[in-house]
Amino acid sequence: MEPENQTYLSGFLLLGISEKEEQQIPLFGLFLGMYLVTVFGNALIMLAIGSDSHLHTPMYFFLSNLSLVDLCLVTTLVPKMLVNMLTQNKVISYAECFSQMYFFMIFACSDNLLLTVMAYDRFVAICHPLHYVTLMSPRICSLLILISWSISILNSIFQILMMLRLSFCTKREISHFFCDLSEVMKISCSDTLINTIEVYFATGLLGVLPLTGILFSYSQICSSILKVPSPGGKYKAFSTCGSHLSVVSLFYGTGLGVYLSSATTHSSRNISIASVMYSVVTPMLNPFIYSLRNKDIKDALKRIISRTASS
C-alpha cells in the first residue's frame, strides 16, 4: 500500500510531445490555436443546428451531439497540456490523471458510438425512406443517444475500477501528453495481464462491432443507391452521406494509425504524436467537413452571420 500512497502524493509526470524547452512555446501556440478553432467550430455547428428549425431533424440532432462530444474531448486533454507547456511543470496528480482517463474514455467511446448511430440514420433514410419517420422518431433518437452515453460511462467506470487495483512504485514518467490508459498501465509495478485482456476485449466489443455496423450500413446504402435509375438521384442520395463518410474515415483512419504506431514502434513519442491526430486534429476538422460539404449547414451559418451583422 505504501507505493500507492506515495504515488497519490507526488502524482505522475506527463512528458508531453517534446521535452525540448525551446519547442514548448511554439507547441503552445500551435495547440492553443487548434483548441480555439475546435471550440469555435463545434460551438458554431451546435448554434446553427439549434437556432434553425430546418435543421431539427434526426441527422442534425446526432451531428449536434457529435459536436458536443468533440468539444468535450479536446477540453479534457488540451487545457492541461497547455498549462504544462506554459509553466514547464509536467506534474499531474493521481486524482487528476485518473479523472482525465475517465472522461477521455467516455468521450472517445461516445464519439465512436455516435458515428455508428449516424450511419444507421443514413441507412434508414436511404434504404427504408417510407419508414424513416417511424424508425427515427424523436423518442427513438433520444433513446439511441442515451444508450450511447450509458455504454460509454459504464465502460469508463469499469476501466477505471480495473486501473485502481494497480500499484505504482518509483517509475512515474508517462511518455504521452495525457494520461492514456495503456501508457499508465506500462508504468505500473503490478501484474497488468488481466487489465490488458480486459482492454483488448473492450476494444473489440466497442471498436470492432460499431465499425462492423457502419460497414454493413454503407454496404446496404451503396446497394440501394446503385438501384436508383437516374444519375441525379444517385448523387442526391450519396451527397447526404458524404460528410459522415469523410468523418468516419478520418476517425477510424487516425485510430488505426495510433494502433499501428503502437504495434510497430517502441517509441512512445511517435505514439503520442499519432494520438494527436485522432484526439485533437479530428475534432478540429469535423466542423469544417460538415460545413463545407453540407448546403443546409452553410445556409444556416449564413443566416446566423446575416442576423449578427444586421443587429
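Which side chains meet in a salt bridge at 2.4 Å, N to O? Select Asp52 and Arg303, whose side chains form that pair. A salt bridge here is a side-chain nitrogen of Lys or Arg within 4 Å of a carboxyl oxygen of Asp or Glu.

The model on display is predicted: local features need pLDDT of at least 70, side-chain atom pairs count only at pLDDT 80 or more, and totals for chains, interfaces and linings use all residues. Residues are numbered from 1 along each chain as its sequence is written, and side-chain values use heavy atoms, with hydrogens and water left out.

**First stop: the salt bridges**

Remain with Asp52 and Arg303. Asp52 lies in the loop between α2 (24-51) and α3 (58-87), while Arg303 belongs to helix α11 (residues 295-310), so the pair ties together parts that are 251 residues apart in sequence. Helices (H or I, at least four residues) and strands (E, at least two) are DSSP runs, numbered from the N terminus. Asp52 is buried, at a relative accessible area of 7%, whereas Arg303 is partly exposed, at 33%. Buried means under 20% relative accessible area, exposed means over 50%, and partly exposed lies in between (1.4 Å probe, protein chains only).

The structure holds five salt bridges. Side chains of opposite charge can pair when their charged atoms come close. Select next Glu96 and Lys80, a salt bridge whose closest N and O atoms are 3.9 Å apart. Glu96 is in helix α4 (residues 94-127) and Lys80 in helix α3, so this pair ties together parts that are 16 residues apart in sequence. Glu96 is partly exposed, with 39% relative accessibility; Lys80 is buried, with a relative accessible area of 18%.

Then select Asp121 and Arg122, whose side chains meet in a salt bridge at 2.9 Å, N to O. Asp121 is buried at 1% relative accessibility, and Arg122 is buried at 8%.

**Second stop: α4 against α8**

Display α4 together with helix α8 (residues 193-226). The axes of the two helices come within 9 Å and cross at roughly 20°. Axes are lines fitted to C-alpha atoms, for helices over the stretch in contact, and angles run from 0 to 180 degrees between N-to-C directions. The helices α4 and α8 are therefore roughly parallel to each other; angles under 35 degrees count as roughly parallel, over 145 as roughly antiparallel, 65 to 115 as roughly perpendicular and the rest as oblique. Their crossing is left-handed, a term for a near helix turned anticlockwise from the far one by less than a right angle, with right-handed used if clockwise.

To view this contact (heavy atoms within 4.5 Å), select residues on both sides. Those of α4 include Arg122, Tyr120, Ala119, Thr116 and Leu115, and those of α8 include Leu206, Pro210, Ile214 and Tyr218. The residues of the contact divide into 14 nonpolar, six polar and one charged. Ala, Val, Leu, Ile, Met, Phe, Trp, Tyr, Cys and Pro count as nonpolar, Asp, Glu, Lys and Arg as charged, and the others, Gly among them, as polar.

Now centre the view on Ile214, in helix α8. Is Ile214 buried or exposed? Ile214 is buried, at 2% relative accessibility. Leaving aside neighbours within four places in sequence, Ile214 is in contact with Leu115, Thr116, Ala119, Val248 and Tyr252. Ile214 and Tyr120 are 7.3 Å apart in space, C-alpha to C-alpha, and 94 residues apart in sequence.

Select Asn65 in helix α3. Asn65 is buried, at 12% relative accessibility, and beyond neighbours within four places in sequence it is in contact with Leu114, Ile145 and Trp149.

Move to Gln24 in helix α2, which is buried with a relative accessible area of 5%. Not counting residues up to four places away in sequence, Gln24 touches Ser18, Glu19, Met85 and Gln88.

End at Gln88, in the loop between α3 and β2 (91-92). Gln88 is partly exposed, with a relative accessible area of 42%. Most residues other than glycine have a negative phi. Phi of Gln88 is near 60°, a positive value.
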